[in-house]
Amino acid sequence: MPTLRSLDALEREGLVTPDPLLAAAAETMAIALTPEMLALIDRRDVANDPIARQFVPSAAETVIAPEERDDPIGDEARSPVKGIVHRYPDRLLLKPLHACPVYCRFCFRREKVGPGGEALSDAELEAALAYIRAHPEVWEVILTGGDPLMLAPRRLAALIAALDAIPHVAVIRLHSRVPIVEPSRLGDEVVAALKPRRATLWLGVHCNHARELGAPTKDALRRLADAGIPLLGQTVLLAGINDDVETLDTLMRALVAARVKPYYLHHPDLVRGTGHFRVSIARGQALMKALRGRLSGLATPTYVLDVPGGYGKVPVGPNYLGDDPDALTVGDAFGGRHPYPG
Ligand SMILES: *Cc1c(COP(=O)(O)O)cnc(C)c1O
Ligand code: SF4
């Protein structure tokens, strides 16, 4: 079964019913639902299914709030050459393509991602690499997109080899949804490409619900970890998908059990047409607080907000210190509060 790429295809699977608002929503972003994800959707309750909700368009996407933006995290303002976002001195993003294996309806690059579109040409990729070569302060290159594991295995291997050949690049980090949503792409050739000879490669996998970890995904994560690739987990906090303590607890444990260290829990960005996925920061903080005494440190991600306008990410987790500077107190994970010599 191929990836489903149209409302008609979703309708044939019984995932949507015809609706003009839905057609309008589908115009704003491409559709893609992989067979692996389709197989995990509970057909008895598609409307509330945490997997269907992430990939099946909804009429709610046509509702645009005034605070929503088309470049919610200010990538454009920090792009010195096409395909690069350089916001921090020691690390930058390199986006070789804008295609993804699935299209997540809440995507923070919703206005940019899509099949084909703005993939870098060979000359543009060469210009981006030249920028990195010319900036010795760049210690880490983060491949994102789109999804870098959508590159053909040979192009991926060539790109990683080119980065590996830049002596000041110590770390290559990839952020991808492929291991979760289309593990069949991770053949031996791809896994081999993820092993640069000199630099260290880390792989961040984007996973929002424990149900996304089906048997093929667990197998892919095992092969990646067995190949010696350190794995990080990235989760977006999403209303109606994972914004409750049990769901987050189960997800973080499932990730650690799959050898994936939960790295960030992202507060949802102010993306156009995604208000139905957003939760308040107060709710996110309450969830992090509730997880604190339950989950080990290993299983606990940092809750972060990407400050709108291109100012980078900051932790926005709950504060455990009292706000009286003359009588410092610290809260514990179980609701107690204790004085601490300031
Ligand atoms: C998120 C991001 C990074 C990586 O940030 P970390 O906190 O190191 O994960 C780097 N550059 C840009 C532009 C980013 O948006
Ligand atoms: S895989 Fe990532 S970049 Fe692609 S649509 Fe989903 S969230 Fe956006």
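Me: What makes a region of this predicted model count as a pocket?

Reply: A pocket is an open set of grid points where a 1.4 Å probe fits, with protein on both sides within 12 Å along at least five of seven lines, and its volume is the space filled by probe spheres set on the points. In this predicted model, the largest pocket holds about 880 Å³ of space, while the second largest pocket holds about 290 Å³.

Me: Which residues line the largest pocket, and which lie nearest its centre?

Reply: Its lining is made up of 43 residues, and Phe-108, Arg-109, Thr-144, Gln-234 and His-266 are those nearest the centre. Two or more lining residues come from each of strand 1 (84-88), strand 2 (91-94), strand 4 (171-176), strand 6 (231-236), strand 7 (260-266) and strand 8 (302-306). By residue class, the lining of the largest pocket splits into 23 nonpolar, 10 polar and 10 charged.

Me: What lines the second largest pocket?

Reply: The second largest pocket is lined by 15 residues, with Val-46, Ala-47, Val-56, Pro-57 and Ser-58 nearest its centre, and its lining comprises nine nonpolar, three polar and three charged residues.

Me: Why is Cys-100 called buried, and why is Cys-107?

Reply: The cut-off for buried is under 20% relative accessible area; Cys-100 has 12% and therefore counts as buried, and Cys-107, with 11%, is buried as well.

Me: How many disulfides are counted here?

Reply: A disulfide requires a pair of cysteine sulfur atoms within 2.5 Å, and by this rule the count is zero.

Technical notes:
Residues are numbered from 1 along each chain as its sequence is written. Chains are lettered from A and ligands numbered from 1 in the order in which they are written. This is a predicted model: local features need pLDDT of at least 70, side-chain atom pairs count only at pLDDT 80 or more; totals for chains, interfaces and linings use all residues. Side-chain values use heavy atoms; hydrogens and water are left out. Buried means under 20% relative accessible area, exposed over 50%, partly exposed in between (1.4 Å probe, protein chains only). On a 1 Å grid over the protein atoms alone, a cavity is a set of points where a 1.4 Å probe fits but cannot get out, and a pocket is an open set with protein on both sides within 12 Å along at least five of seven lines; lining residues have an atom within 4 Å of a point. Helices (H or I, at least four residues) and strands (E, at least two) are DSSP runs, numbered from the N terminus. Ala, Val, Leu, Ile, Met, Phe, Trp, Tyr, Cys and Pro count as nonpolar, Asp, Glu, Lys and Arg as charged, and the others, Gly among them, as polar.
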